[in-house]
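Please look at the sequence and the model below, and keep both in view while reading.

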Amino acid sequence: MKLAVLYAGQGAQHPGMGKEFYEGSPAFRAAFDSAKLDFDLHRVCFEDPDGLLNQTEYTQPCMVAFACGVTAVLAQQGVEPAYVAGLSLGEYSALEAAGVFTAKQAIELAAYRGKAMAEAAKGIDCGMTAVLNLDRETLAQCCEQASALGCVQICNYNCPGQLVIGGEKAAVDKAAALAKEAGARRCIPLKVSGPFHTRLMAPAGDALARRFETESFGEMRVPVLFNCLGREKAEQDSIPALLVKQVQSSVYMEDTLHRLGELGVDHILEVGPGKALSGFVKKTLPGVVCASVETPEELDAVLDAWKKETV
């Protein structure tokens, strides 16, 4: 079995995520509690009585804390992936799993990133729309035609038949209308708080570049496939530069999945919450065994099933 672990991005969060792991696993608790934040992580992640979890500056550290905790549980159970990757924010969790960041670093960097992205989005009337069943080249042309109304770009290449455009709302709406005229089956507006993975996030990239000057980056123990490349980094690529680029450029998840297939990966584990990445895997690599885990019970069931395959 050649395993890759994928880490979910922003959007799948919900109150209560990670609570079962936290109550039952000391390894999860140690990772989850490692960071110093300016809010009560347990209250927001497990209960969210004030409705903060869906705000970017809270979502990001909560999601990464959950992921780091699950990574600690996987390591305790002897799970050793051949490759790791993550969707957008999930790339920070993947880098923690690979040893580049400690859990404390990853969670605190996610909190900083979330605040920087929220700040960059202030005052922008933004939109994001999922475009179904239209090829990349045609959709790029639609974005180019609509760009007279403002910034609009393909920000996510998720899987065959599913692309996402984002930017300023008027331009996004125009590009979506053009996409439908060009043959897109559906264009679905998404609820977002910012024009993520577009050039409008450049101020967040600048803020991250300054922060990374004060951070130490560990040696990568497991190969990471990077969002803005859709593959492993080259020798000349620097991780800080890739993370700065990542926040303001497209996420090539479909390319990442195809690359995992080329590398011989035959099992993929999605660390949730949610099952969005598993859906992308099924459409991109239908022959690969894929499962998602959000609770201890789900993790135990998946690992038991995969152990039986290898017996």
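This is a predicted model: local features need pLDDT of at least 70, side-chain atom pairs count only at pLDDT 80 or more; totals for chains, interfaces and linings use all residues.

Residues are numbered from 1 along each chain as its sequence is written, and side-chain values use heavy atoms, with hydrogens and water left out.

Q: Which residues does a cis peptide bond join?
A: Most peptide bonds are trans. Here, omega is about 15° at a bond whose second residue, Pro273, is joined in cis. Pro273 lies in the loop between strand E10 (267-271) and helix H12 (276-284), where helices (H or I, at least four residues) and strands (E, at least two) are DSSP runs, numbered from the N terminus. The cis bond joins Gly272 and Pro273.

Q: Is Asp48 buried or exposed?
A: Asp48 has a positive phi, near 50°, although the residue is not glycine, and its place is in the loop between helix H3 (41-47) and helix H4 (56-76). Buried means under 20% relative accessible area, exposed over 50% and partly exposed in between, with a 1.4 Å probe and protein chains only. Because its relative accessibility is 14%, Asp48 counts as buried.

Q: What kind of aromatic pair do Phe28 and Phe66 form?
A: Rings of Phe, Tyr and Trp (its six-membered ring) pair if their centres lie within 6.5 Å, and planes under 30 degrees apart count as stacked, over 60 as edge-to-face and the rest as tilted. The structure holds 11 aromatic pairs, and in this one the centres are 6.4 Å apart with 70° between the planes. Phe28 lies in helix H2 (residues 26-32) and Phe66 in helix H4, so the pair ties together parts that are 38 residues apart in sequence. The pair of Phe28 and Phe66 is edge-to-face.

Q: How many residues line the largest pocket?
A: On a 1 Å grid over the protein atoms alone, a pocket is an open set of points where a 1.4 Å probe fits, with protein on both sides within 12 Å along at least five of seven lines, and lining residues have an atom within 4 Å of a point. The largest pocket holds about 750 Å³ of space, a volume being the space filled by probe spheres set on the points, which are joined across faces, edges and corners. Gln10, Gly11, Met128, Leu190 and Val192 lie nearest its centre, and the lining of the largest pocket numbers 34 residues.
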